Amino acid sequence: MNTRRMITGNGAAAWGARLARVEIIPNFPITPQTAIIEEISLWIASGKMDADFLPMESEHSVQSALAAASSVGTRVFSATSSQGLMLMTEMMFVTSGLRLPVIMVNVSRGLSAPITLWSDHNDVLVQRDSGWLQIFCSNNQEVLDSVVMGYKIAENSNVLLPMLINLDGFTLSATREPVEIPGQDEIDDFLPAYNPKHTILDPKEPMSMGGVVFNEYMYFRSQQRMAMCNSKDIITAVCAEWEKMTGRGWGRGLVEPYCLEDSERVLVICGSESAILKYTVDKLRAKGEKVGMLRLRTMRPFPCEEIVDALSDVEKIGVIDQDISPGSGGIIATEVKACLGRGVTSFIAGLGGRRIGAEKYEKIFGRLGRDVEEWIF
Amino acid sequence: MLEITIHGRGGQGVVVTSRILGTATLYDGLYAQDFPLYGAARRGAPVMAFVRIDNKPILLRGYIAKPNVLMLLDESIIEVKDVFSDLPADCTIIINTTRNTRDFKAAHPEIKDLRVFCVDGTGIALEYLKKPIPNVVIIGFLIGITHLITVDAFKTAVRDELKKYPPDLIDKNIAGALKACELVTGAGAGVTAR
């Protein structure tokens, strides 16, 4: 039976893992993610969840254990943040290269130095070339839903890629809001047990994984690329199925358009800031201004066709980046420009959790139409 | 939408206060958002928590700068933080202090035109719990003054949020809060949503 409770983004991530009946959770604590694995450890200790909790000595080992545990055919989960995700980098490529459907939550937090505990997307975007699917969540409900849906997408035989699910540190991770928790029966019908055929370590049927190759290497990368392309249809189909069951489809799975029909000015954004931007759009629309928003829900696969479809008729486009690639610019703005084949106004804002707020979004809407990079302090 | 900012010190139950309000709001059939703001969390350090309440899903996020209700669980916060500047004209302030409102306003002229309620939450907490932890009692004052949440939803929410504590401590907290509510009922005329 469904229940509606006040839970944090971290709590929602833990609930997603519990409902998906994950079996092994290698973990290492880091703020602001720690509450996710704390909650899971309490559930395991009290018998509410049947899983193995593996405290590791570093995040590098966590990622190694995720890959190893997934290789023997178990459903695995973990969570990390910021520097922890950086320490996993080497093994992130191994997990995706071995085509293991690992689901991991990243609670985004700005990278050191200097130290910040607040949200910033540079940590997760550093991993954009690692062959993992990437989903950015806008609220706590979407976190729970995305973790459960994540397994169904990642384990699909046309995908078989790991997935990073991003939720914004503090803004979602420590904020409680009402979340519908689906019943276990409902989820069991939606998400069958993981039954891998492609790669499984079994002493009775020995298999070599990730061995040395030479000329073949490029075929493996080509297959990863194809899997990424395939994932778009699977994400859309799984979101449609989820919507039928729960009433929540999260846009078309790839992008969430908001008030785009007659928009003359549109801001492209991702993550939890999109809620404040919706508030601003509502406010400006009430004054008769034709403004809208396009939220990117998947960063990998990058929803290029969907962006072109949504924005080709829009005159003035801006992109909000809570990240910066020094020497290049906003990472998302660069990719949006490449899709559209024309300039956009690139706004760098909210780095290290710096407050943007509805009043600044109103001003930003007034500054579109120039192909420049502008920092919003 | 109604926005509440709560100040206090680590150990006084600032975060639990916000959680009780959020959970009670959900039981009342409305939408809520509650969240804390702290640096390195430790007993005695200044802590803030926030609550948003609305009859539709809440889109705004982050720090509340212009609260409808400001609650101070510890008046000594005033000495380390400027909590009274830039408050909106319709802000209701509830302060846990043994001073009376007239003396308090005389000492803090910046809030002389706002609706200020000086309440002795710690006194009631000492009487009912034998402990100087005033947070649940202060919510009783808040209910009496503003009627933001119903008493039934409040009681259920306290039982939810304090479930790791002994049942008799929970009962004493609720009894203290109901006493506080009774003391101030009729003192205010609710608060207005913006």
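1. Let me start with the chain–chain contact: 16 residues of chain A meet 15 residues of chain B, where a contact means C-beta atoms, placed from the backbone, within 7 Å. On chain B, helix 1 (14–27) and strand 2 (31–37) each supply at least two residues of the side that touches chain A; helices (H or I, at least four residues) and strands (E, at least two) are DSSP runs numbered from the N terminus. Strand 2 of chain B provides the largest share of that side, six residues. By class, the side of chain B that touches chain A holds eight nonpolar, four polar and three charged residues. Here Ala, Val, Leu, Ile, Met, Phe, Trp, Tyr, Cys and Pro count as nonpolar, Asp, Glu, Lys and Arg as charged, and the others, Gly among them, as polar.

2. A word on the model before going on. It is a predicted one, in which local features need pLDDT of at least 70 and side-chain atom pairs count only at pLDDT 80 or more, while totals for chains, interfaces and linings use all residues. Residues are numbered from 1 along each chain as its sequence is written, with chains lettered from A and ligands numbered from 1 in the order in which they are written.

3. Now to chain A, which is divided into domain 1 (3–246) and domain 2 (255–376), with bounds from an automatic or database domain assignment. The C-alpha centres of these two domains of chain A lie 27 Å apart. Between them, 26 residues of domain 1 of chain A are in contact with 19 residues of domain 2 of chain A.

4. Which elements of domain 1 of chain A give two or more residues to the side that touches domain 2 of chain A? They are helix 5 (122–126), strand 6 (133–136), strand 7 (163–168) and helix 8 (217–246) of chain A. Helix 8 of chain A gives the most, with five residues. This side of domain 1 of chain A divides into 11 nonpolar, 11 polar and four charged residues.

5. I would also look at the open sheet of chain A, where six strands run in the order 9-11-10-13-14-15 with mixed pairing; strands pair if DSSP finds at least two bridges between them. Strand 9 (255–258) and strand 15 (373–376) of chain A are the edge strands, each pairing on one side only. Strand 9 of chain A pairs with strand 11 (residues 291–296) of chain A in the antiparallel sense over four bridges, and Tyr258(A) stands opposite Met293(A) in strand 11 of chain A.

Conventions. Two residues are in contact if their C-beta atoms, placed from the backbone, lie within 7 Å.
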